[in-house]
Amino acid sequence: MKMTKSIVVNAILVLSFLLFSCSGGSDSAKGPIVNEVNPPAKAIGILPVNGEPCSDYEAVSGNDDQVSISFSWQEAEFAQNYELVVNEGSNEVYRNIFNELVAKVSLIRGKVYTWNVIAKNSDGQTNSDTMSFATPGTPVGNFVPYAAEITITFDVTTSDLNASWVGKDEDGDVLTYDVVVKEEGETIVEFNDLTVVSLDPIATSPSTLYTVQVISKDVSGNFSISEFSAISPE
């Protein structure tokens, strides 16, 4: 009987050792845990309507020189909040963070402003495309040109980038354009004082972020800055 018990005990110990060995012994043999990163998608501006005099506004009580402009944008996937930025030419006139998809901003009458929304979360941030509008009222001097409406397409055969834009000025001034094309934030081509509204095709790399920046300039020295980004096909 003692021999039988000894055999049983030894068998249990061997079986336990085999099970422990097959399980890998410890968590150190497992691969590293990869945390998923989800930067926000791009927010899409709704109001004010791009490239037009603003029609959605209210008077500012006690200040006839200003109007309260309504801003709104579409929800961006993974965004936790949004930073609204408003510029007049190269001068930033307003910046604030919102948890909602709407905002009201008091601005001076008779001016052209550009704006964009930065979608944010703990994994990063993503800029919207630039939009522009004119506030109601008689301008002092010339209007700043509207931000150019930029279009980017990729050739299905060659994957070349094709960029074009539409410029507009409330005064009807003739415009010229400075254009910068960036690949993952680095400038790859640059043009100054263009009178055309498109570029020759530009070779691209697969699945890469390209940004086209257009500075619209009038004869009075006023200018606006517009950007549009797109990812090339795989």
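Two strands pair if DSSP finds at least two bridges between them. Helices (H or I, at least four residues) and strands (E, at least two) are DSSP runs, numbered from the N terminus. With these terms in hand, the tour may begin.

**The whole chain**

The structure is a predicted model, in which local features need pLDDT of at least 70 and side-chain atom pairs count only at pLDDT 80 or more, whereas totals for chains, interfaces and linings use all residues. Residues are numbered from 1 along each chain as its sequence is written, and side-chain values use heavy atoms, with hydrogens and water left out.

Display the entire chain and colour by confidence. Here pLDDT is the predictor's confidence in each residue, from 0 to 100. The average for the chain is a pLDDT of 88, and 86% of the residues score at least 70.

Select residues 1–5, where pLDDT stays under 50 and the model has zero contacts beyond four places in sequence; a contact means heavy atoms within 4.5 Å. Continue to residues 7–25, where pLDDT again stays under 50 and the model has one contact beyond four places in sequence.

Switch to a cartoon view: the chain holds one helix and 16 strands. Of its 234 residues, 36% count as buried. Buried means under 20% relative accessible area, exposed over 50%, and partly exposed in between (1.4 Å probe, protein chains only). Among contacts between residues at least 6 apart in sequence, 62% join residues at least 24 apart.

**The nonpolar cores**

A nonpolar core is a set of buried Ala, Val, Leu, Ile, Met, Phe, Trp, Tyr and Cys residues joined through side-chain atoms within 4.5 Å. Select Phe-71, Trp-73, Leu-84, Leu-107, Trp-115 and Phe-133: these have the most contacts inside the largest nonpolar core, which has 20 residues. At least two residues of this core come from each of strand 4 (63–73), strand 5 (81–88), strand 7 (102–108), strand 8 (112–121) and strand 10 (131–134).

Centre the view on Phe-71. Beyond its neighbours within four places in sequence, Phe-71 is in contact with several residues, including Leu-47, Pro-48, Val-86, Leu-101 and Ala-103. Its contacts also include Leu-84, Leu-107, Trp-115 and Phe-133.

A second, separate core comprises 18 residues, among them Ala-148, Trp-165, Leu-199 and Val-212.

Start with strand 13 (residues 176–183), which runs antiparallel to strand 14 and is joined to it by six bridges.

Which strand holds Val-180? Val-180 lies in strand 13, and it counts as buried because its relative accessibility is 11%. Its C-alpha atom is separated by 4.5 Å from that of Glu-190, 10 residues apart along the chain. Leaving out residues up to four places away in sequence, Val-180 touches Thr-187, Val-189, Glu-190, Thr-211, Val-212 and Gln-213.

Move to strand 15 (residues 209–217), paired with strand 13 in the antiparallel sense over eight bridges. Tyr-177 stands opposite Ser-216 in strand 15, while Glu-183 has Tyr-210 as its bridge partner there. Strand 15 is mostly covered, with eight of its nine residues buried.

Follow Ser-216 onward to its bridge partner in strand 16, Ser-224. Strands 15 and 16 pair in the antiparallel sense over nine bridges. Their hairpin has five residues between the strands, and there Gly-221 takes a positive phi near 90 degrees.

**Last stop: Phe-154**

Select Phe-154, in strand 11 (residues 149–154). Why does Phe-154 count as buried? Phe-154 counts as buried because its relative accessibility is 19%. Not counting residues up to four places away in sequence, Phe-154 touches residues including Leu-161, Thr-204, Tyr-210, Ala-230 and Ile-231. The C-alpha atoms of Phe-154 and Ala-230 are separated by 9.4 Å, although these residues are 76 apart along the chain.
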